[in-house]
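Me: I am new to this structure and would like to understand the terms used to describe it. Please set each value against its definition.

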Amino acid sequence: METSTAAERLRILRNHLSGWSSRRCKGGSLNGKELGFDTCSSSDEDIRSTIETNLNDLGINDVEIEPPPNGLETAYKSLLTPEALQFVANLVRHFNDDVDEMMRRRLQCKVELDLTGALPDFPVNPEVRETSWKVAPVPRRLYSRYLDLGDVSPANTDHFMTALNCPVNGIQTDFDDGHCPTWRTQLRGLYNVFAAVHGHLEGVPAIEKAPVLMLRPRAWNMIEHNMIVAGKKVPGPLFDFGMLMFHCSKKLIAAESGPFFYLSKLEGSSEAQLWNNIFVWAQNELGIPHGTIKACVLIENVLASFELEEILYALRDHSLGLNCGIWDYSASFVNKFGHRPDFVLPDRNKYVNMKRHFLKSYMDLVVHTCHKRGAHATGGMAATLLSSKDPELTTKIVQGKVTEMQAGVDGFMVYDVRLVPVFLKVGGKSSTSNQLTCLRNDVKVGPFDLLEMPSGGVTLNGLRHNIAVGTLFIYSWLEGKGHFNYKGSVEDSATAEISRSQLWQWIHHRATLEENGQTITRKLIQSLIEEFEVEFMKANSAHFQSETKKEQLRVAADMLEKIVTKRDFPEFITTYLNQDNAFRIYQKQWELV
């Protein structure tokens with residue numbers, strides 16, 4: 001099967017770019033597909049003009065908002081009311097400087113680590129570490145955190161409704177790892193949450209009888225391109241949090257069902273303090289009692305694991321504990337130390353799991369720290385799909401989570417709703433309680449324990465798997481989808497992060513294959529990417545009947561190669577794609593309506 005050359009693909013992209021501005025407001029199409037996002041119909045402009053006029057009536061003249069995608073006019077008008085936009089704009093103005101300072105501190109920390117070769121250590125902080133304090137008690141509906149559904153993008157209406165009917169404790173209502181943040185998916189997802197909370201979504205229980213919504217805004221690395229305040233694009237998490245709080249908080253409070261949040265990709269306690277300040281501000285603005293908001297911090301960065309006590313302390317009035325997963329956390333080692341040869345991660349499928357010392361130490365420390373301070377500690381998501389063909393696989397999944405429970409975690413997440421009855425049966429009394437009394441005073445974890453890299457090498461299968469996951473993640477994002485199924489597991493931005501991180505690191509350090517000692521080079525990666533393209537299209541020929549689908553996969557493969565061969569490591573694959581003009585142009589063309 002022939003594949004497009006790099007020169008041909010560049011020519012296609014240039015053609016798209018050269019004609020883009022002339023097509024933007026003419027309602028034109030590319031490859032016969034209507035460009036819903038950029039079609040500037042008079043009705044769309046009328047909606048936007050009305051909103052801007054109403055904002056001006058409120059004395060707000062520094063807010064710009066893009067028109068609605070085709071078919072989402074109702075969601076747009078329901079969510080982006082002048083009052084809601086005023087609330088979000090005030091939130092952004094109040095915290096813009098703090099967010100910018102936080103991002104500068106992240107950069108400064110990374111540069112200092114690179115220049116000095118230093119390693120993180122636990123802070124000397126007797127006020128926090130040597131005093132007796134506890135986080136505030138959680139509401140009744142958060143007493144048990146045994147089982148949440150993970151990666152539930154509310155933009156996927158069918159999946160979201162299925163989750164709302166599921167007998168779990170909570171739903172990770174995900175605008176981050178399991179979600180692709182286009183304007184269309186963002187508005188659809190926010191509107192579906194709004195409809196569920198206010199009882200407008202048919203076929204699901206009232207919100208007080210449904211699993212609690214654990215709302216997960218985007219992480220700080222993501223920008224909302226479609227709203228500008230005072231000349232600057234809005235931080236993605238502030239847009240998500242502001243809209244959710246304005247439209248849903250009081251209804252959730254009345255139903256004893258929120259507002260509850262997951263917080264993604266924090267790098268330390270100062271970032272937890274920023275979120276706490278945001279919570280306090282929002283509660284004051286909306287007339288909500290202090291401490292009503294509760295949030296679980298996802299410990300997805302190695303630097304954060306050295307400040308667990310400080311993170312809990314910063315959020316002590318609003319804390320719902322800490323969560324530990326595997327892939328974002330493992331990828332953060334490449335992010336922070338990837339250029340150092342002593343931090344090369346081996347093949348993740350063969351050598352990286354929660355039994356390895358650095359990950360076991362991380363989980364043990366999370367459990368010990370949380371329970372010491374009266375907070376819940378939860379484990380990561382079981383991403384494997386139920387398979388009738390491989391019952392041993394289900395047993396393996398269950399055993400893995402049983403091991404985590406034995407280590408003291410209060411619960412975990414699962415993606416496949418078909419696994420819920422299995423885990424409810426296994427959990428027994430644990431499914432209605434917690435393990436806060438399991439203090440794990442046996443845990444003694446030092447800096448070396450958290451930083452010890454597992455031994456092992458790189459296999460050809462591991463190389464191929466990372467290429468497949470990275471390529472298909474980009475392919476899914478081109479369609480506006482945040483996760484996909486591959487070889488019996490759900491894959492999202494977390495697995496895409498570790499996949500592309502390892503590819504970059506193995507090329508950078510000229511790692512060799514276990515099987516034959518072959519050095520991993522760009523040429524080898526290029527050949528394996530081309531092989532994957534051909535083999536995947538052949539194995540899924542019915543899906544790739546059209547040239548458009550074939551071109552999508554080729555573009556995704558080209559972009560993966562570009563990302564993993566860059567001189568400097570891109571901090572997040574999601575940031576890279578979200579801010580890459582070429583990618584966003586293709587995405588606007590190919591996003592599934």
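Me: Why is Val 111 called partly exposed?

Reply: The relative accessible area of Val 111 is 37%. Buried means under 20%, exposed means over 50%, and partly exposed is what lies in between, with a 1.4 Å probe and protein chains only. Val 111 at 37% is therefore partly exposed. As for the basis of such values, this is a predicted model, in which local features need pLDDT of at least 70, side-chain atom pairs count only at pLDDT 80 or more, and totals for chains, interfaces and linings use all residues. Residues are numbered from 1 along each chain as its sequence is written, and side-chain values use heavy atoms, with hydrogens and water left out.

Me: Where does Val 111 lie, and what makes the nonpolar surface patch there?

Reply: Val 111 belongs to helix α4 (residues 82-116); helices are DSSP runs of H or I with at least four residues, strands are runs of E with at least two, and both are numbered from the N terminus. Together with Leu 107 and Leu 115, Val 111 makes a nonpolar patch of about 320 Å². Patch residues have over 30% relative accessible area and no salt bridge; nonpolar side chains (Val, Leu, Ile, Met, Phe, Trp, Tyr) are joined within 5 Å, and like charges within 9 Å. Areas come from the Shrake-Rupley method with a 1.4 Å probe, and for residues only the protein chains shown count as cover.

Me: Which pair shows what is called a salt bridge, and how far apart are the closest N and O atoms?

Reply: Glu 309 and Arg 373 form one, with the closest N and O atoms 2.7 Å apart. The term requires a side-chain nitrogen of Lys or Arg within 4 Å of a carboxyl oxygen of Asp or Glu. This pair links distant parts of the chain, 64 residues apart: Glu 309 is in helix α10 (residues 308-314), and Arg 373 is in the loop between α13 (357-372) and β12 (377-382). By this rule the model has 37 salt bridges.

Me: Why are Glu 309 and Arg 373 counted as buried?

Reply: Glu 309 has 8% relative accessibility and so counts as buried. Arg 373, at 2%, counts as buried as well.

Me: Why is Gly 321 called buried?

Reply: Gly 321 has a relative accessible area of 1% and is therefore buried. Gly 321 lies in strand β11 (residues 319-324). Leaving out residues up to four places away in sequence, Gly 321 touches several residues, including Ala 295, Cys 296 and Val 297.

Me: What makes Lys 294 count as buried?

Reply: Lys 294 counts as buried because its relative accessibility is 3%. Lys 294 is placed in strand β10 (residues 294-299).

Me: How many helices and strands does the protein chain have, and why is the chain called as compact as a globular protein of that length?

Reply: The protein chain has 22 helices and 15 strands. Its radius of gyration is 24 Å, close to the 25 Å that the globule rule gives for 593 residues, so the chain is as compact as a globular protein of that length. The radius is taken over C-alpha atoms, and the rule is 2.2 Å times the number of residues to the power 0.38. Of the 593 residues, 60% count as buried.

Definitions and conventions:
Contact = heavy atoms within 4.5 Å.
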